[in-house]
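Visitor: I'd like to learn how to read a few features off a model. Could you walk me through them, one by one?

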Amino acid sequence: MSVSLDLLRTFLAVHRTGSITAAAQSLGLSQPAVTAQIRALEAALDRPLFDRLPRGVAPTAAADELARRVAGSLDALAEVLGAELPLGGGVHLGGPAEFLCAEVIPVLAPLVADGLMLRTTFGLTDDLLAELAAGRLDLVVATVRPRLRGVVAEPLYDEEFVLVAAPGVPADAPVIAYAEDLPIIRRYWRSVFGRRATMTAGAIIPDLRGVLAAVRAGAGVSVLPAYLCADDLAAGRLVALATPELPPLNTGYLAVRAGGLARPAVALVHRHLTEEFRRRLGAGG
């Protein structure tokens, strides 16, 4: 029995994304074409590979075994073939606007100067990971550990948080936050002060760069990532209102679809980011 590589590639895309629609988008095929290829493979193997669900598909035991056997070889083949091609097609990267703008895009600037086509999408981690799983993004900088099937991730950075205000602004000044539920502030209060943050924000600005600008102008106090306010702290435009022995940290992750690193451009960006952030960690900052 012979099975074409196209059928196996399509099967692997469906297995990894858990969705006919997402696989079709990642492969550049129509949904009927993907469905037809899966049915052809099931007929060739004489066994069902997926159970249809109200949303997506679930692999059978036979599908899990087939994926285990063919994934490594297909990924290796894609890497060999892709190595002969330029970086065409580019890389679509998602992540939080503030971190991508302040920390990630400068790291990738040399690759763009050398010809990489980079596209970025800003948003919340859950939304971006869904886009990644569906094949509409290549990489995502995630603020939480991804738990989607078909998505793999590794720690990229540790984000430290600081309670800050402009000089002379009292600690009981209005709180400036980026969301009504005060997620960063609530976590800081619980970790550092051992109690709930019960205040109501004086201003909600859905971009941490806007929160920084408001705090710097004397509007109130906030908790911000250290990378975002380090220059203002060093220059005296902001002061830290607390100096905990162990400041709260949040680990960020670099996520990619399983098999996504077979594309040379994606692998290059992934390697460049992980190496740079590991170098910073080794250098102590």
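Visitor: Let's start with strand pairing. Which residue of strand 11 is the bridge partner of Ala142?

Guide: That's Tyr253. Keep in mind that this is a predicted model. For pairing, you look for bridges between two strands and then for their direction. Here strand 5 (residues 139–142) and strand 11 are joined by four bridges and run antiparallel.

Visitor: What other strand is joined to strand 11, and by how many bridges?

Guide: Strand 6 (residues 151–165), through nine bridges, and this pair runs antiparallel too.

Visitor: Is strand 11 largely enclosed or open, and why?

Guide: Count the buried residues, taking buried as under 20% relative accessible area. In strand 11 (residues 249–257), seven of the nine residues are buried, so the rest of the structure largely encloses this strand.

Visitor: On to helices. How do I read which side of a helix faces inward?

Guide: Here's the general idea: an α-helix has 3.6 residues a turn, so residues three or four places apart point the same way. Now try helix 9 (residues 226–235), where Leu228, Cys229 and Asp232 are the buried residues. Around the axis they span an arc of only 50 degrees, which means they sit on the same side of helix 9.

Visitor: What covers the buried residues of helix 9, and which exposed residues does the face turned away carry?

Guide: The cover includes strand 6, helix 8 and strand 9. On the face turned away from the buried side you'll find the exposed residues Asp231 and Ala234.

Visitor: What happens just after helix 9?

Guide: Check the backbone angles there: Gly236 takes a positive phi of about 85 degrees.

Visitor: Last one, cavities. How many of 30 Å³ or more does the structure hold?

Guide: One. The largest cavity has a volume of about 40 Å³. To place it, ask which elements give two or more residues to its lining: strand 7 (175–177), helix 7 (183–193), helix 8 (208–216) and strand 9 (222–225). Helix 7 supplies the largest share, three residues.

Visitor: And what is the lining like, in nonpolar, polar and charged residues?

Guide: Ten are nonpolar, one is polar and none is charged. Among the lining residues are Ile176, Tyr178, Pro183, Leu208, Val211 and Ser222.

Notes
Residues numbered from 1 in each chain as written. Predicted model: local features only at pLDDT ≥ 70, side-chain atom pairs only at ≥ 80, totals over all residues. Heavy atoms only, no water. 1 Å grid on protein atoms, 1.4 Å probe; cavity = no way out; pocket = protein on both sides within 12 Å on 5 of 7 lines; lining within 4 Å. Points joined across faces, edges and corners; volume = space filled by probe spheres on them. Nonpolar A, V, L, I, M, F, W, Y, C, P; charged D, E, K, R; others polar. Buried < 20%, exposed > 50% of the residue type's maximum accessible area, 1.4 Å probe, protein only. Pairing = 2+ DSSP bridges. Arc of directions from axis to C-beta. Contact = heavy atoms within 4.5 Å.
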